[in-house]
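This briefing describes a single chain, topic by topic. Please consult the sequence and the 3D structure shown here alongside the points that follow.

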Amino acid sequence: MLQKIAPRIGASIFLEPEWGIAGQITFKSGNKSYFRYNTVDLNPVGSSDIAKDKDYSNLFMKRMGYQIVPGSKTFFSDNWAAAIRAKNRTMPDACLYAKKIGFPVVVKPNSGSQGSGVAVVQNKQEMVRALRLVFKQDRVALVQKPVRGKDYRIVVLDDKVIALCDVDTNLFPDRVKKHYKDKGLREPQCYQDLRKLFENKDIDAVSVVTPNHWHALASIWAIQAGKHVSVEKPCCHNIFEGKKLVEAARKYKVIVQDGAEQRSNPCAITMAEYLK
């Protein structure tokens, strides 16, 4: 229907080629609107639906010239594959695809956020385990090649980087050589475990900017080590984690700040006053 209407108003339609249920409307003004199933972009609902779908987000971002994660492919739970009549897209096919592009691979729910259900798997056994967990919360799993970034954590003291921390220790040698050794600078101490970093007596306070699901635990570990903490939002995933964070701060007598800066926003303040 949209493809018939669009030419009458000078617009064009791009329909994703595999299932034909999502697309992009480009108006003659250059503005773009999105739809998925029967959700058209009214009050950005269509765009929101696309944004929640990692596979479709990849498709449209690539179409607009953005760099995306290579080797991404979706696979389905047995029930959903049968419902949509998808062939060669279930768990065994996902394992074959992972072998084809080469382990390790990243397995994640196609929807959701904050790192929930994401796993890096090294072999078929880990792959099957990760897929089973994904299919408990999502009927679509995304398999991708891992992308190595530079999002490691650093600790600065007196304008000098004294420590690096990342779970992937393979990142350290090249970075340390390029940024410190080759420049004649003191090499920072490298850590894989946050708890070991927190044992460093030269560090008085830490800022926790890990993936969201690590915020509460990383903060509590730092507090137990006697560090003051600034933790970005969300500081916890549930009330239990929040209570434990408060208990730890009181027990170890350190300062803990939640980075909820919106409470200082005049708009948020006005809204709070109105609700009172």
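K253 is exposed, with a relative accessible area of 71%; exposed means over 50%, buried under 20% and partly exposed in between, for a 1.4 Å probe and protein chains only. The model is predicted, so local features need pLDDT of at least 70 and side-chain atom pairs count only at pLDDT 80 or more, whereas totals for chains, interfaces and linings use all residues. Residues are numbered from 1 along each chain as its sequence is written, and side-chain values use heavy atoms, with hydrogens and water left out.

**Backbone features in loops**

- K253 has a positive phi of about 55 degrees although it is not a glycine, and this residue lies in the loop between helix 10 and strand 14 (256-259).
- Helices (H or I, at least four residues) and strands (E, at least two) are DSSP runs, numbered from the N terminus.
- R85, likewise not a glycine, has a positive phi, near 60 degrees.
- R85 is placed in the loop between helix 4 (78-84) and helix 5, and is exposed at a relative accessible area of 74%.
- A cis peptide bond, with omega near 0 degrees, runs from F103 to P104; P104 belongs to the loop between helix 5 (91-101) and strand 6 (105-109).
- The peptide bond from K233 to P234 is also cis, with omega near -5 degrees, and P234 is in the loop between strand 13 and helix 10.

**Overall form of the chain**

- The secondary structure comprises 11 helices and 14 strands.
- The chain has a radius of gyration of 23 Å, while a compact globule of 276 residues would have one near 19 Å; the radius is taken over C-alpha atoms, and the globule rule is 2.2 Å times the number of residues to the power 0.38.
- The C-alpha trace spans about 65 × 55 × 40 Å along its principal axes.
- Of the 276 residues in the chain, 34% are buried.
- Among contacts (heavy atoms within 4.5 Å) between residues at least 6 apart in sequence, 48% join residues at least 24 apart.

**Nonpolar cores**

- In soluble globular proteins, nonpolar side chains tend to be buried together.
- The largest nonpolar core has 21 residues, and those with the most contacts inside it include L194, F198, V208 and I223; such a core is a set of buried Ala, Val, Leu, Ile, Met, Phe, Trp, Tyr and Cys residues joined through side-chain atoms within 4.5 Å.
- At least two residues of this core come from each of strand 10 (160-165), helix 8 (194-198), strand 12 (205-208), helix 9 (215-224), strand 13 (228-232) and helix 10 (239-252).
- Helix 9 gives the most to this core, with 5 residues.
- Another core, of 17 residues, lies apart from it and has V107, V121, A130 and V134 among its members.
- Beyond its neighbours within four places in sequence, V208 is in contact with H215, A218, S219, V229, S230, V231 and E232.

**The surroundings of T74**

- T74 is found in strand 5 (residues 73-76) and counts as buried because its relative accessibility is 5%.
- The side chains of T74 and R89 make a polar contact at 2.7 Å; a polar contact is a pair of N or O atoms within 3.5 Å, where within protein one must be able to donate a hydrogen and the other to accept it, and residues adjacent in sequence count only if both atoms are side-chain atoms.
- Setting aside neighbours within four places in sequence, T74 is in contact with D55, R89, N110, V140, A141 and L142.
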